[in-house]
Amino acid sequence: MPVPYTLAEIASRLGGCVVGNPDTLIRQVGSLEHAGADEITFFSHFRHKGKLAATRAGAVVLGEGAQGLTVIPRIVCENPYAYFARVSQLFNPAPAPQPGRHPTAHVSPAARVAASARIDAGAVVEDEASIGERVWIGASCHVGRGTLIGEDSKMYPSVVVYHECRIGRRAIIHSGVVIGADGFGVAEEGGEWIKIPQIGRVIIGDDVEIGANTTIDRGAIDDTVVEDGVKLDNQVQIGHNVRIGSHTAIAGCVGIAGSASIGRHCTIGGAAVILGHLKLADRVNISAGTLISRSINEPGTYTGVFPFDRNDSWVRNAALLRHLSDLADRVRVLEKLLGTKDKNG
Amino acid sequence: MPVPYTLAEIASRLGGCVVGNPDTLIRQVGSLEHAGADEITFFSHFRHKGKLAATRAGAVVLGEGAQGLTVIPRIVCENPYAYFARVSQLFNPAPAPQPGRHPTAHVSPAARVAASARIDAGAVVEDEASIGERVWIGASCHVGRGTLIGEDSKMYPSVVVYHECRIGRRAIIHSGVVIGADGFGVAEEGGEWIKIPQIGRVIIGDDVEIGANTTIDRGAIDDTVVEDGVKLDNQVQIGHNVRIGSHTAIAGCVGIAGSASIGRHCTIGGAAVILGHLKLADRVNISAGTLISRSINEPGTYTGVFPFDRNDSWVRNAALLRHLSDLADRVRVLEKLLGTKDKNG
Amino acid sequence: MPVPYTLAEIASRLGGCVVGNPDTLIRQVGSLEHAGADEITFFSHFRHKGKLAATRAGAVVLGEGAQGLTVIPRIVCENPYAYFARVSQLFNPAPAPQPGRHPTAHVSPAARVAASARIDAGAVVEDEASIGERVWIGASCHVGRGTLIGEDSKMYPSVVVYHECRIGRRAIIHSGVVIGADGFGVAEEGGEWIKIPQIGRVIIGDDVEIGANTTIDRGAIDDTVVEDGVKLDNQVQIGHNVRIGSHTAIAGCVGIAGSASIGRHCTIGGAAVILGHLKLADRVNISAGTLISRSINEPGTYTGVFPFDRNDSWVRNAALLRHLSDLADRVRVLEKLLGTKDKNG
């Protein structure tokens with residue numbers, strides 16, 4: 001059970017201004033729809049005004065412009081969503097691991113494991129690997145030869161990190177993640193593919209979270225690099241020699257092909273694809289489902305998605321799309337006939 | 001080896017009408033192309049008429065309208081494909097697990113495990129987990145603290161279910177599936193991302209099948225819900241707080257972003273993407289590869305895919321697509337000149 | 001540490017012509033940017049001329065047309081990229097496994113395991129499985145009942161191969177791969193889905209590499225087949241009864257739906273989707289992100305991707321796309337008025 005806090009105690013730790021009874025006792029966070037009398041919720045979009053009016057939460061976190069929308073006890077702050085994140089962290093701290101090694105774990109005598117680390121059942125830590133203080137290696141995980149896991153990092157069950165990789169501090173790596181597998185490096189010769197040994201590493205900075213079943217390939221020659229504070233959702237694929245700049249967030253099912261370089265503070269929407277060898281500037285936002293086929297030098301939001309429609313309408317329009325150049329030619333003929341200016345020459 | 005049945009025995013169990021020798025002995029199901037004299041096949045599409053004519057199968061399941069297309073022994077029924085599914089289940093029943101625990105499995109003394117359940121090598125069952133009757137937990141699986149697995153469910157090797165989730169009865173969960181990992185919940189503050197603890201659960205109904213390497217995230221605050229009879233193919237990604245209505249089928253590589261709500265009896269084609277917070281009505285069919293960017297209130301089939309073409313044609317048309325608004329403007333100029341009605345104002 | 005070779009020794013093993021000091025001693029391969037004085041790099045694209053001029057590598061592999069671009073010692077050959085692959089294999093040979101079984105591995109007494117094979121911690125080999133000479137089964141892998149793994153194949157940790165599958169010689173299978181899970185076979189009846197038992201197998205030829213977290217489903221009735229020399233990147237999904245022709249290469253995140261047949265010597269770009277039951281000829285190249293919705297009978301390159309743009313431009317053009325058939329109608333009206341020939345009738 002989380003430790004309860006009054007609104008006054010929350011504000012004294014996290015800032016913000018209490019409006020209403022500061023002694024309101026809060027035990028957990030909740031959603032606008034389902035929070036109870038001892039739970040605190042948040043309000044960050046005016047489209048949820050109706051839900052705010054109907055909420056039975058004991059308190060709400062909101063911005064200054066919204067504080068008049070409710071009479072329940074509230075904490076007014078600048079960035080309600082970020083504030084709520086911190087409130088939730090207060091009520092739901094990540095548990096520190098109990099140090100120790102399960103008897104069925106296999107830890108090489110040639111590995112260095114901090115005394116405060118925890119290695120769960122069936123996990124394997126290979127020769128020369130280094131496991132930092134308070135690291136938690138989940139069941140059936142595999143840490144390859146010479147790989148370093150920074151302090152306070154957590155690997156949920158069934159994570160594989162190949163040899164000679166480096167993972168920074170406070171990483172959160174979810175189940176099924178594979179880090180350091182061979183990049184897709186083959187050379188064609190006489191109609192067959194020759195494997196190019198992948199001898200680079202994967203280097204991951206501090207405070208990186210990696211979602212379930214995401215894969216990050218090792219470099220072909222040089223390294224694949226994920227900088228500090230990057231957040232990757234589930235089933236993301238990062239090819240060899242990619243570089244992802246610090247504090248970039250990448251949603252689920254995104255694929256980033258080899259040697260692409262993504263800037264800092266970017267966001268990449270779900271199922272987007274970045275082709276290989278491209279360079280994206282800092283603060284670029286890619287919309288979900290968009291395929292990026294050339295480098296982007298300017299910050300901004302970029303999109304390329306076929307708008308969906310009822311199937312019969314789509315069939316009609318899609319068929320015409322195949323003849324778009326014919327249509328343009330026909331317009332050009334009409335323009336010549338009428339003597340209007342053809343902007344496209 | 002499967003137990004053999006005569007056509008008469010099959011029809012007495014599953015219905016349908018035998019035409020031809022009812023004593024024909026069948027030992028297994030087969031395809032139209034490769035079935036042998038002791039195998040039964042099915043015919044459900046007239047485009048396969050040629051294959052039916054050439055088949056060497058001992059018998060065939062088909063609809064009334066097709067029964068004249070062959071002279072081999074046959075079972076005539078309303079829904080040949082569903083009938084064939086049941087025939088195949090008759091010849092290929094799922095084996096019941098041998099109860100027991102492998103000595104290398106790690107089962108917490110604080111877990112409840114039914115006497116008829118089977119726990120394979122290297123599997124881990126954490127505190128307060130509950131494993132129902134006849135459940136089969138495959139090798140290297142992980143069942144988190146407080147998670148419930150309903151009776152007759154099967155987890156193939158290397159499945160991970162995080163803490164406090166619930167999986168219904170008769171689930172089939174394939175290898176590499178991760179259920180209950182943290183949703184992608186981060187709040188931006190000063191250019192960095194703050195993690196929002198994910199305290200909801202994943203709740204899965206009865207008779208759900210989940211394909212290999214699919215991921216289903218736990219809810220941020222409230223739960224992620226997959227209702228009864230849902231079928232998920234491989235490498236599907238279900239974000240936090242998604243709800244999937246009963247008897248919906250989702251093909252491989254689909255991504256469903258957070259808080260989307262999918263209706264009942266929907267089908268979602270492979271590699272489609274459903275953006276977050278959308279609501280899809282019951283009986284909506286999404287074509288493969290389509291990105292759904294707004295809610296759909298009406299049943300029907302929806303599509304949005306760029307039609308592929310030879311690369312040179314695509315290059316020409318795609319370039320014009322970027323100038324489609326110019327083209328529309330030019331047509332409008334011509335219409336004004338000629339005094340025709342501009343439907344788009 | 002790799003064994004060093006002089007340029008003369010390399011050329012005597014791999015062919016090519018040394019220009020410059022044949023006694024130059026090389027210890028490893030390196031990239032144009034980062035190679036040092038004892039490393040050999042390669043040059044295969046003229047767009048990297050600047051990097052070649054600046055390289056500090058001890059030697060370079062290049063084609064005849066490029067040999068005048070540098071004065072550093074070099075090996076001139078026909079196919080520099082393939083040559084470089086072989087040089088890298090020379091310096092980075094795959095280590096042969098130390099034979100043996102880890103005490104925590106579970107190998108059925110009814111399995112056949114070659115004396116030279118290696119089975120790592122926590123791996124499971126089921127009844128009647130057959131593990132060939134010099135095979136390396138990584139930690140926590142699972143080889144199902146009756147499955148054959150050909151000689152010199154390697155499975156990295158946490159690979160699952162279901163029952164009755166066959167994997168050829170010299171396979172490289174990366175972590176998280178699942179081979180032989182049930183295909184997505186369900187039949188609709190009364191609004192519910194009936195499972196069709198998947199009784200086919202997965203048959204994989206020789207010299208196949210499979211990237212991390214890729215899934216290959218077993219056949220519904222007949223088999224799923226991956227022919228010799230096929231290379232699959234990460235997170236590829238291969239549906240049941242697919243056939244992939246020899247020496248085809250498939251990049252990351254590709255989905256191939258059930259019963260599709262891909263020719264030999266094809267390339268499929270990242271995140272492309274091939275719909276079910278289609279047939280692609282030999283030597284077809286599919287661009288990244290393209291959805292293939294009908295069979296392709298002619299070799300060539302095929303593409304279908306919405307070109308991305310700044311979001312505001314995309315919004316404008318995408319909205320018009322929904323009215324493309326209206327636009328075509330309006331052009332037709334103008335053409336009739338002016339008496340020009342309507343090519344589209």
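How many salt bridges does the rule find across the interface of chain A and chain B? The rule finds four (a salt bridge is a side-chain nitrogen of Lys or Arg within 4 Å of a carboxyl oxygen of Asp or Glu) across this interface. The model is predicted: local features need pLDDT of at least 70, side-chain atom pairs count only at pLDDT 80 or more, and totals for chains, interfaces and linings use all residues. Residues are numbered from 1 along each chain as its sequence is written, chains are lettered from A and ligands numbered from 1 in the order in which they are written, and side-chain values use heavy atoms, with hydrogens and water left out.

One of the salt bridges involves the side chains of Glu335(A) and Arg330(B), at 2.8 Å from N to O. Between chain A and chain B, 28 residue pairs are in polar contact, both residues being at pLDDT 80 or more. A polar contact is a pair of N or O atoms within 3.5 Å; within protein, one must be able to donate a hydrogen and the other to accept it, and residues adjacent in sequence count only if both atoms are side-chain atoms. Several elements of chain A each supply at least two residues to the side that touches chain B, among them helix 3 (80-91), strand 39 (309-310), helix 4 and helix 5. Helices (H or I, at least four residues) and strands (E, at least two) are DSSP runs, numbered from the N terminus. Helix 5 of chain A gives the largest share of that side, nine residues. By class, the side holds 32 nonpolar, 28 polar and twelve charged residues. Here Ala, Val, Leu, Ile, Met, Phe, Trp, Tyr, Cys and Pro count as nonpolar, Asp, Glu, Lys and Arg as charged, and the others, Gly among them, as polar.

The contact (heavy atoms within 4.5 Å) takes 72 residues from chain A and 68 residues from chain B. The two chains bury about 5,900 Å² between them, 63% of it on carbon and sulfur atoms. Buried area is the accessible area (1.4 Å probe) that two parts lose on being put together, summed over both. Strand 39 of chain A pairs with strand 38 (residues 300-303) of chain B in the antiparallel sense, over two bridges. Pairing requires that DSSP find at least two bridges between two strands. Arg310(A) has Tyr302(B) as its bridge partner in strand 38 of chain B.

Chain A also meets chain C. This contact takes 69 residues from chain A and 71 residues from chain C. About 5,900 Å² is buried between chain A and chain C, 63% of it on carbon and sulfur atoms. Phe184(A), Trp193(A) and Arg330(A) lose the most area in chain A to chain C, together 13% of what that side buries. Four salt bridges are counted between chain A and chain C. Arg86(C) and Glu189(A) meet through their side chains in a salt bridge of 2.7 Å, N to O. Strand 38 of chain A is joined by two bridges to strand 39 (residues 309-310) of chain C, and the strands run antiparallel. Tyr302(A) stands opposite Arg310(C) in that strand of chain C.

Within chain C, an open sheet of eight strands has the order 10-13-16-19-24-27-30-33, with parallel pairing. Its edge strands, strand 10 (112-113) and strand 33 (261-262), each pair on one side only. Strand 13 (residues 130-131) and strand 16 (residues 148-149) of chain C pair over two bridges in the parallel sense. Ser130(C) stands opposite Leu148(C) in strand 16.
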